[in-house]
Amino acid sequence: MCLNTGYPCDCLTDGNPCEPCRMTVKDREREEAHLSNDINVPGGSGSTCEPELNIPSNGILKESGRHLGIMLSVIICLNILILGCALVSGSAYKDVNISSSDLQIFLIVLLLLTSIWMVYYVTFTARTENAIAYKDCHAGPIWLRGGLVLFALLSIIMDIFKIASYVGYLHCDSAVKVAFPVVQLVFVLVQTYFLWIHAKDCVELQRNITRCGLMLTLSTNLVVWMTAVTEESIHQTTVPEYPSNTTKPSGRSLYINRAGYGDDTCKCSHTSCSLFKEAYYYLYPFNIEFSLFASAMTYIMWKNVGRVTEEHGHRKIKFRPTEVFLGPVAGILLVVAGLVTFIVYEMEILKYNSDEDKKDNVLMIHFVMNIVIVMLMSVSTVIGCAIYQVDHREHVSDKNPTRSLDVGLLVGASLGQFIISYFSIVAMAVTGAKGYLNGLNLTWAILMVIQLGLQNYFIIEGLHREPFHEVQPISVLANPYVLQPGKDMSILEESDMDTKPGPVLTADCLHNHTVEHRPKLLWKRRVLKEVCAFLLLGNVILWIMPAFGARPQFDHATETEFYQFNMWAAVVNVGLPFGIFYRMHSVASLFEVFLTS
């Protein structure tokens, strides 16, 4: 129904509603249904406003176009993902006639197409007045975009190291290997700017084109992620051939040998190749996280296409680090202790790989440290869950694509670590967990399962709770016209004309009015914030260890002997990337729970 009755308005017919005619989706559907009933009733008094008669058919056309755009964008995404999966899988095996250059050519085309679309989107929205009418305040929070920028910078450094390394192989290898990191560097720059500026957009113009472009971006990031993960693990699942007079490496030396990059038959033309290889190998985790972060933010933008939201419905939440002390201090001590043991573990495991006794001692230190971390995190999570039981905040009822995606990613990514832990539990239980290392490994796996379950519940419950409401001090103003015993009205009028300042409300008086409202909330909020801060830092150290090379799954030989190397390597290579992403995603989710607590 046309609300702008002051003058003829065709804004609803051309799909660009003016401000007086702007309505919510529910109101439009209600009006369309009411109008349809009026038209179908014989003798019903219909309106003479022409836009009213055109709304039902126009609404049906818009709904049909929306479903068509969603279907087309999903088809594009699935086709790119399946084609990319086929090429990535084919290039992983030497028997398949698909080279890494073929895969990189496909990736270069994808990256260029996606970059061109993002440049078009940024240009179009900049030149079109009021192109973005609504923004989702929940999407793209500052800490998520800040993490994206950090990972983007490290990914750019990785690409620079790759270019410097691959230049040394131009005389005997394909030039595509140099072109790919160059194009990827440009793609990272364009996408970082695109998501930083437009992550909150709820697009109303060119919806179908935008949906298809966003799904192209999403699928491109996922294919890049699959390629990076496969490149890290491809050499771990293929046993190299060694001459009979050469001692075969085992444990970590076998892992590192299979994780190397470059072809042994092609020698580098400069002496810095090995240094650059080692450098960008340790930067791969950041590039993997960048692709996953970008995929999540792009999916939220896709869900928000055509969405009408309240522009001022999101309350700003202030971050006050002074509200917590014990959680951050304990978390920082945990991170420092974890980093020290991790550095010692990495250095000693390579140095004493052939000495079984010293290697076992180093493994024992690593297992004990991880058990302590996971146990402390489990205890703090139980405390946080207990606070939820006495916390009477209501659960949020509105639909939020960002929150739904956070929960889905949290549960889905945790499955990777669940898989590894349960495979370890089965191997330890069947073999009897003989020896202290097997006992520690079994304890670590069981505690990891418990910690993952408790933390998932804590984060999901926190994301679905309404934020605590700040209690504002009650202002009490003295009325000078209230008669006091023994005082005349004329005296009050004379005092009102006086220039002396009026009565001032003291801090004690304010405290008497506010203190009765704060204690019940204060201790709950304090405990929840302490728990969130500690868990956040605990997840940081649990992300650092596997992301930068800790592989006790290969250093400890029980699972490798029980499942055989190829099967166990496949389990670890599939589950570990998801487990690493789970820790980083938990950091972002815990920070949001911290802010709303």
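Let's start in helix H15, residues 519–547. Glu530 and Arg526 sit four residues apart there, so about one helical turn separates them. They form a salt bridge, with the closest N and O atoms 3.0 Å apart. Keep in mind that this is a predicted model. The count for the model comes to one salt bridge. How exposed are the two partners? Glu530 counts as buried, at 13% relative accessibility. Arg526 is partly exposed, at 40%.

Next, aromatics. The count is 18 aromatic pairs. Take Phe367 and Trp444: ring centres 5.6 Å apart, planes at 55°, so this pair is tilted. Phe367 belongs to helix H10 and Trp444 to helix H12, so the contact ties together parts 77 residues apart in sequence. Phe367 is buried, at 1% relative accessible area. Trp444 is buried too, at 13%.

Now Phe562 and Tyr563. Their centres are 4.8 Å apart and their planes stand at 90°, so we call this pair edge-to-face. Phe562 is partly exposed at 32%, while Tyr563 is buried at 11%. There is also a cluster: ring pairs link Phe151, Phe286, Phe293 and Trp543.

Charges over rings, briefly. Arg145 lies over the face of Trp196, 4.7 Å from the ring centre. Lys529 places its charged end over the ring of Phe594, 4.3 Å from the centre.

Last, helix H18, residues 565–596. Its 32 residues should span 46 Å at 1.5 Å a residue, and the end C-alpha atoms are 46 Å apart, so the two agree. Where does H18 kink? At Leu576, by about 25°, shortly before Pro577. H18 is mostly covered, with 25 of its 32 residues buried.

Technical notes: Residues numbered from 1 in each chain as written. Predicted model: local features only at pLDDT ≥ 70, side-chain atom pairs only at ≥ 80, totals over all residues. Heavy atoms only, no water. Helix = DSSP H or I, 4+ residues; strand = E, 2+ residues; numbered from the N terminus. Expected span 1.5 Å × (residues − 1). Bend = angle between axes of the 7 residues up to and from the residue. Buried < 20%, exposed > 50% of the residue type's maximum accessible area, 1.4 Å probe, protein only. Salt bridge = Lys/Arg side-chain N within 4 Å of Asp/Glu carboxyl O. Phe/Tyr/Trp six-rings, centres within 6.5 Å; stacked < 30°, edge-to-face > 60°. Lys NZ or Arg CZ within 6 Å of the ring centre and 35° of its normal.
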